[in-house]
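Subject: The model you asked about

Hi,

Have a look first, then read on for what turned up.

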Amino acid sequence: MASAASCSAADLAPLFGPNGTAAASYICNQLSSVSYAVDTTYLLFSAYLVFSMQLGFAMLCAGSVRAKNTMNIMLTNVLDAAAGGLFYYLFGFAFAFGSPSNGFIGRHFFGLKEVPSPTIDYSNFLYQWAFAIAAAGITSGSIAERTQFVAYLIYSAFLTGFVYPVVSHWFWSPDGWASAFNSDDLLFGSGVIDFAGSGVVHMVGGIAGLWGALIEGPRIGRFDHSGRSVALRGHSASLVVLGTFLLWFGWYGFNPGSFNKILVPYASGSYYGQWSAVGRTAVTTTLAGCTAALTTLFGKRLLSGHWNVTDVCNGLLGGFAAITAGCSVVEPWAAIICGFVAAVVLISCNKLAERVRFDDPLEAAQLHGGCGAWGVIFTALFASKDYVAQVYGEGRHYGLFMGGGGKLLAAHVVQILVITGWVSATMGPLFFLLHKMNLLRISAEDEMAGMDLTRHGGFAYVYRDEDESQNNGIQLRKVEPTSTTPGV
């Protein structure tokens with residue numbers, strides 16, 4: 001693994017003459033401080049980009065639901081970030097990166113105690129928090145338009161405070177049992193290469209959303225009496241496109257920012273260093289998303305006969321979710337393959353969802369869960385030997401199709417299995433318990449009227465009657481639910 005730029009006072013001292021040791025030490029100390037400042041600034045800027053994805057999630061979710069539920073879904077996006085921030089600060093960051101610890105869960109840095117340290121600074125917390133709330137935001141899309149407000153609060157706190165941090169500890173912490181950064185005992189001699197989280201973030205959020213949507217059941221009217229799919233289209237394609245572009249922009253912090261450092265030379269005096277790898281990662285991210293978007297465009301045209309902008313946006317995001325695992329260790333041409341297959345996976349998962357009457361308003365489980373799993377497999381097939389050595393160190397196993405053998409693929413199959421098992425064993429029972437306590441789904445009356453009116457005091461938009469001379473506006477009547485389902 002490449003090391004940060006270094007300065008040796010012993011090497012510099014002879015250049016300053018017989019009494020140059022003090023001057024050399026001073027210069028090296030100053031350069032070290034500059035290096036830390038540059039890397040911290042880079043990580044903070046990346047954190048701000050990733051956090052800006054919350055605005056993208058909010059716009060995407062708002063445009064994908066019906067107008068009568070806009071205020072509700074916007075509020076849940078705000079609370080994902082707010083509740084996630086508090087619980088990740090108290091517990092999540094410690095469970096994820098609290099070293100030294102065991103291979104299963106971290107046990108230091110609760111409430112950021114002992115931060116900063118030689119290995120962890122506040123910027124690391126901020127960056128990882130932005131990732132944690134991204135996972136929670138994925139889940140909220142799957143259960144949109146029919147979920148009680150209290151259920152959002154409970155699952156968001158549990159996911160960001162415990163479920164997601166344990167997974168990120170396994171694969172990203174130096175102590176994690178399957179981490180590629182574990183120097184003591186690498187899984188299958190390689191560890192798992194999930195650079196920015198196709199498995200850790202996207203599969204976790206997607207599988208959690210899968211269980212929530214399965215236990216809740218489909219929205220009223222999503223399938224007719226014979227089981228045929230009925231489209232419940234979102235109310236604003238404009239918001240969907242706006243959200244997609246904001247997510248695209250934020251992904252340049254999500255993937256390239258996962259290096260955490262930028263001032264790392266790969267060879268002394270060379271123009272080629274980690275700054276080049278950062279650029280390459282941005283390129284592979286771009287190519288995968290673009291290829292997936294175009295593949296979805298023509299694929300859906302052949303299947304439905306329409307050029308559908310919402311489908312293209314979801315295809316684009318599916319390509320991003322897939323390339324996230326291997327973005328730093330694959331060639332640009334391989335990213336095109338990744339994006340093409342991701343689009344096929346997304347279309348296939350959506351067809352399967354319709355067949356089994358699974359309802360996910362944002363296709364979040366299919367997009368993040370399905371495409372995320374493909375991204376994990378893709379990395380094990382196409383990871384480049386040279387790039388793996390630069391990012392993770394010499395002597396590591398690399399992609400099967402690149403001549404690296406099957407051990408990396410074995411490690412990645414294990415990752416898919418354990419993430420699926422862990423999230424199912426934690427989030428599944430949570431949603432089931434909420435369902436049994438009548439805290440999960442709203443009443444049928446509330447769902448038909450829309451949660452903006454019945455739960456949030458009014459619609460997100462002001463509607464005017466065509467004849468404003470006679471009626472200045474539509475008079476809204478509060479719909480009182482008759483169900484025994486507890487209100488929020």
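Predicted model: local features only at pLDDT ≥ 70, side-chain atom pairs only at ≥ 80, totals over all residues.

Let's start with a term: the bend at a residue is the angle between two axes, one fitted to the seven residues ending there and the other to the seven starting there. Helix 13 has such a bend, of about 30°, at serine 424. Helices here are DSSP runs of H or I with at least four residues, and strands are runs of E with at least two, numbered from the N terminus.

Residues are numbered from 1 along each chain as its sequence is written, and side-chain values use heavy atoms, with hydrogens and water left out.

The big picture: the chain has 15 helices and zero strands. Of its 488 residues, 55% are buried, meaning under 20% relative accessible area (1.4 Å probe, protein chains only; exposed is over 50%, partly exposed in between).

Back to helix 13. Its 30 residues reach 43 Å from first C-alpha to last, close to the 44 Å expected at 1.5 Å a residue (the expected span is 1.5 Å times one less than the number of residues). Just after helix 13, asparagine 438 takes a positive phi of about 60°.

Helix 5 (residues 149-172) has a kink too, about 45°, centred on leucine 159. What do its ends say about its length? They are 32 Å apart, which agrees with the 34 Å that 24 residues should span at 1.5 Å each. Helix 5 is also mostly covered, with 19 of its 24 residues buried.

Now for helix 6 (residues 198-216), which packs against helix 13 (residues 407-436) at about 35°, their axes 8 Å apart. Axes are lines fitted to C-alpha atoms, for helices over the stretch in contact, and angles run from 0 to 180 degrees between N-to-C directions. Contact means heavy atoms within 4.5 Å. Among the residues that meet are Trp211 in helix 6 and Phe431 in helix 13.

Helix 6 also packs against helix 11 (residues 364-382), at about 145° with axes 7 Å apart.

Enjoy exploring!
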